[in-house]
Amino acid sequence: MTHRDRSSVPDDQPTRHRALDPTCSFIVQAPAGSGKTGLLIQRYLTLLASVDHPEEVVAVTFTRKAAGEMRERILMALADAEARDREETAEGPDNNTSLSQEETAEEHRPARHPFQRGTRALARKVLARDAARGWDIRAYPARLRIRTIDALCAAIVRMAPWRSRLGGEARTVEDAESLYREAARELLEILDHPGPWADALARVLDFLDNDLTRFETGLVRMLARRDQWLRHLVQEGDPAEEAPADRRRRIGAAFEIAVAEALARPQASVPASLAGTIVAVADHAGRYLSAIDPDSPIAVLAGLDALPGDEMAALPLWRGMAALLLTQEGKWRSRHTRKEGFPPAREAKTAPDMKKTLAGLMSDLSQAETFRHQLHAVRELPTALHDDRQWAVLDALMTVLRLAAATLRLVFARQGVVDFIEVAHGALAALGDDEAPTDLALCLDYRIRHLLVDEFQDTAQAQVRLFTRLTAGWQPGDGRTLFLVGDPMQSIYRFREADVALYLHARRFGIGDIPLEPLTLTANFRSEPPIVDWINRTFPLVFPDTDDVAAGAVSFSPSSAAPRTTGNDAPALPEETMAGRCRGRHGVCIHPYRQGEDRQEADRVVALIRAAREEDPTGTIALIVRARTHLDAILPRLDAQRIPYRGVELSPLIHRPVVRDLLALTRALLHPGDRIAWLAVLRAPWCGLTLGDLHALAAGDHEAPILERLRAVLDANSNTSGEPAPGPDGTPPVHAPLSADGRGRLERVFRVLDNAVRQRARRSLRTVVETAWLALGGAACLTTPPSRRGYAIPTKAGPGPDAGEDENTGETDDRSDAMTFLALLEELEAEAEPMDGHRVAEKISRRYATSGPDPGQVEIMTIHKAKGLEFDTVIVPGLGRAARPVENPLLAWAERPGTGGEAHPMLATMAGPGEADSPTYRYLCALEAEKARHETARLLYVATTRARKRLHLLGQARVSEKTGQVRTPHAGTLLAHLWPAVSSRFTDAGAQNGDEAPTVTEAFASDPVVRGTLWRLPADWQPPQPPTPPRWSSDHLSDAASPPAEPIEFQWAGHVARSVGTVIHQALRYLAESGRCPGEGGKADDATVDPTNDPLPWLQGKRAAWRAALVGLGVSEAALEPAVARVMAAMGRVMADPRWRWITDPTHTDARNEYPLTGVVTGRLVSGVIDRTFVDGAGVRWIIDYKTGTHEGGDPDRFLDREQTRYRAQLERYAALLAGEASRPIRAGLYFPLLGGWRTWRVVRRPYFGLSANG
């Protein structure tokens, strides 16, 4: 095998060493495979060894996976260093051994890489610092501040709920589209209230021809991206006072700046020796055309005596010059005619030599490619800004968007939720602005000494502003540092608002007042030399020559293969293999196909996977595509060939048969009149009615609910007279005959479905659906032949084709998908919104099916999901296929970053129905298209750099229908970017693959699904009987506890009281688990303690969330406000109660909240949930239950005594369940939040049997 050379040092080692300087701030470009995470870990350890508290070093990542990996590797480094120290101590080294001798011994250990030696040395320094300062990081790893950007924002919001305007701990939802849609619909209610807002909304709707669907759809998309445009519509510090005229000037000035910057480029790129000739030729052509065709764009060049400038007024001159020198496609003109101002020589009356001058000029310009490109680009610039009508619509739309954002905040408050964008905005608000930072910002500025940011190329504007405010006031040399690491060549998340221009800007200008020293890594530890060499030769042709901040263009940065030692693997590829002819075992292979050869390309993919598995059975294989639709022809062939694969967010969950059937069952139970859903339930494999039986059941009456038709069928079956019986409420009888098999199946499923309908209003939706699904036989339908990849059911005659082969994998996947669906039902019910089938279907359509792990599986994923991963063999098909076009938004916008970090916004509205887009809108869309084109090149780079040993690229080239010649690929394809490097492989006469892959079409056609087999349970299927429960005897208890009393009856407490108790319990659990006590002073830098001593802002901030929770529990409008007041009163009393502070004292050990237990006491099964349990400093185990009852009149102490008597048996049963732990005294306590009451007693220990702790 091939390994990295453990003794060699990479060429960029001095750069890596420089990056560890704890006194300097850096921005590091780390190309694919360069060991970015390792460098981050070493930097983190270096900084950790120099601070007083580990919390002073904060690392920010963009995914929980990355944060977890970084934390785990740091802890592993500390554990490795500690273990090595113990080994050396056990070996008994001579106490007189010098440090240099120890280092020499370490250097000669044969199995250690220089990186590992360096990491261990840094970890030892951290361990020494840990011991000296008493950190105990290994026991308290949460002190390592390694967080996602979303978690950092949430922590800031929790520390300042009032300033963040979010009111504390609102639940964050990942998919908020339903809330965006609700806000869009509520916004329309403004039309009922005449005024400026209603006028603005009416103008926008009139502009859209009153197409409400188009308005709602566009607004939903805009709200999902409001972090990009909202700051341009609302000026910080003065959100509603900017006059329309000022807004118009501000936006117009941004366009003028953009035009000036764009015109400066052709002006700077004109070859100096040709400038005079260009001016003379342009003047000649302009004079000629101004006389015969004054409307020609070239006519404006008449009288030109110098190159045009870069002001807006010079744009027509540059456009005229582009028309003179370039074709419409942007190529140099090979001939000029009368249209360009150069008639034939016989017609020219002046300057007879000018045409010769023009010919010489064009010959000289043929090498001026930069000038050609920049001159062609001026055609996209807007010739005019907004006219009065366009501005009126734009201004109205900006008003509507501001109102939509405000309406969305109301929806969030009402539901008690927020999205990640709102959390980020709240964090920025909590920190204040650059001119007036808040106390929290100043406190964090003092406590955070080092900030590290991973994947900085994927940051958005709001995140950069957050980092700027967190580091406001930092100065070079003050001991505080900023460390940014990323790779602009891998910036591929524009759809998530990532902007690579922010990385380029930070590399040039720094962040805020912090200059950043740029560093670039060059060693590639991932790919073998043939792949690295191919990438270095190819991608300079793919990427632009220079960086361009405005266009989001990134130039290529080459890498070098890290030193390796070669074992038994193949030698480096010969040059012919590098060209793509695939005669070697390792390297890059190009597989060219022509348009329409989808089958051949898919067959080749299967053949490549087989070959890779045969060559290296333990090697990893990845099939990486740009879009999931590019797998349509491939996946069926993998199924037919029994090649196992695992998709990463590959198949939408809604496409899984088990989920479709569960969705049909859910929709049927939610709406008895949904006939389609009910018929789907009866067609599902647990029933499996034939189409004839379904027609017989439903055709008689197109209005009656299917469940009532079922009842009529069964009644008719039981009618001894033989006459058809009418259904309830006059439902027409069923005259069409059902088959005997169908009648038998209906008899079984009707009892289950009828009971589920009756239970719907009494139990949670998940419980009803899951119970019905199990009773119908849904779980029995989870044996999956590999050919199905859905669920296939044994028929009565026996198992279907291939049943039993690889069944476990499919069953595991289907069960996981079913559990995902049921968990989603639980989530939706918790959102306190009305449940309907459409909402469930909409939510499940955004989830993806899961696959069980299998070392032999082929990993299939999109390029975006592949980022950060690596595989031995990578196959990238579909290079010639374009991605789905993006719909133009209601509002187009772009930013021009200024040198001071400010952003100049440009905005324009889309055209109304039947109208042409405005020049400003076309310009902004062209900018977006250019950014998308550059990102497509970066997508190609990410895909190709996932490979360690083998890279296969497959694509189809377009072919001319007339000539049969290969044509240039479409501009939006990956192949178009790769074309300069691989075009010869497609255009050669032998471009077709000489070694045709074996076809798998016949095997695919034999799949049983294609034949249309009806898969269903046998008609006589019955659910399996549960196992006989174990018998328990009181003899098992030597000192038996008292028999469990009957469950305490809570019906005396009304629904409102129970709901108040539920919310208080949830709030107390949150306080206990987070360690918060808003009424208690503490360190302001501690993310778990509110920096203020006044609990009132925190209580007020939580009011909306508690109100939403009560609404979700069904509290009526009339009782809602008193219920909220009771919750507020209880929590206010808790905040001021020293008893509560003792209950949640962080010095308690083995603390748990809402701790569920199940066990056997006196031979009977007992379950319970302990509100709070812990061991105090004296070693006493406490069991505390919260009671939210209130006392009306009489003696409060007598009431508390009665409550103690009432609940004593309950808490002592809990104690019996906990008695299995090591012997220690146990005390029980009742805590009354509404009364501030407290009762406690010592519990006599009882014997224990059969404890099961759930959670």
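Aspartate 136 is partly exposed, with a relative accessible area of 35% (partly exposed lies between buried, under 20%, and exposed, over 50%, using a 1.4 Å probe and protein chains only). The model is a predicted one, in which local features need pLDDT of at least 70 and side-chain atom pairs count only at pLDDT 80 or more, while totals for chains, interfaces and linings use all residues. Residues are numbered from 1 along each chain as its sequence is written, and side-chain values use heavy atoms, with hydrogens and water left out.

Aspartate 136 sits in the loop between α5 (114-133) and β4 (145-148); helices here are DSSP runs of H or I with at least four residues, strands are runs of E with at least two, and both are numbered from the N terminus. The phi angle of aspartate 136 is near 55°, a positive value in a residue other than glycine. Most residues other than glycine have a negative phi. Glutamate 455 also has a positive phi, near 50°. The loop that holds glutamate 455 runs between β7 (450-453) and α20. Glutamate 455 is buried, with a relative accessible area of 19%.

For the chain as a whole, the model has 42 helices and 26 strands. Of its 1255 residues, 50% are buried. Among contacts (heavy atoms within 4.5 Å) with a separation of 6 or more, 75% join residues 24 or more positions apart.

The axes of α6 (residues 149-159) and α20 (residues 461-470) come within 12 Å and cross at roughly 55°. These axes are lines fitted to C-alpha atoms over the stretch in contact, and the angles run from 0 to 180 degrees between N-to-C directions. The crossing is left-handed, meaning that the near helix is turned anticlockwise from the far one by less than a right angle, whereas clockwise would be right-handed. On the α6 side, Ile149, Leu152, Cys153 and Ile156 meet Gln463, Leu466, Phe467 and Leu470 of α20. By class, this contact has 7 nonpolar residues, 1 polar and no charged ones (nonpolar: Ala, Val, Leu, Ile, Met, Phe, Trp, Tyr, Cys and Pro; charged: Asp, Glu, Lys and Arg; polar: the others, Gly among them).

Another residue to look for is isoleucine 844, in helix α33 (residues 837-844). Isoleucine 844 is buried, with a relative accessible area of 0%. Leaving aside residues up to four places away in sequence, isoleucine 844 touches Leu653, Ile654, Val659, Leu663, Phe821 and Leu824. The C-alpha atoms of isoleucine 844 and leucine 653 are separated by 6.6 Å, although the two residues are 191 residues apart along the chain.

Finally, an unreviewed UniProt entry lists Ala30, Pro31, Ala32, Gly33, Ser34, Gly35, Lys36 and Thr37 under "binding site"; positions follow the numbering used here, feature names are shortened, and annotations may be inferred rather than shown by experiment. Alanine 32 belongs to the loop between β2 (26-29) and α2 (36-48), and glycine 33 lies in the loop between β2 and α2. Alanine 32 is buried at 4% relative accessible area, and glycine 33 is buried at 12%. Not counting residues up to four places away in sequence, alanine 32 touches Asp487, Gln490, Asn524, Arg526, Tyr941, Thr945 and Arg946. With that sequence limit, glycine 33 touches Ala523, Asn524, Phe525 and Arg526.
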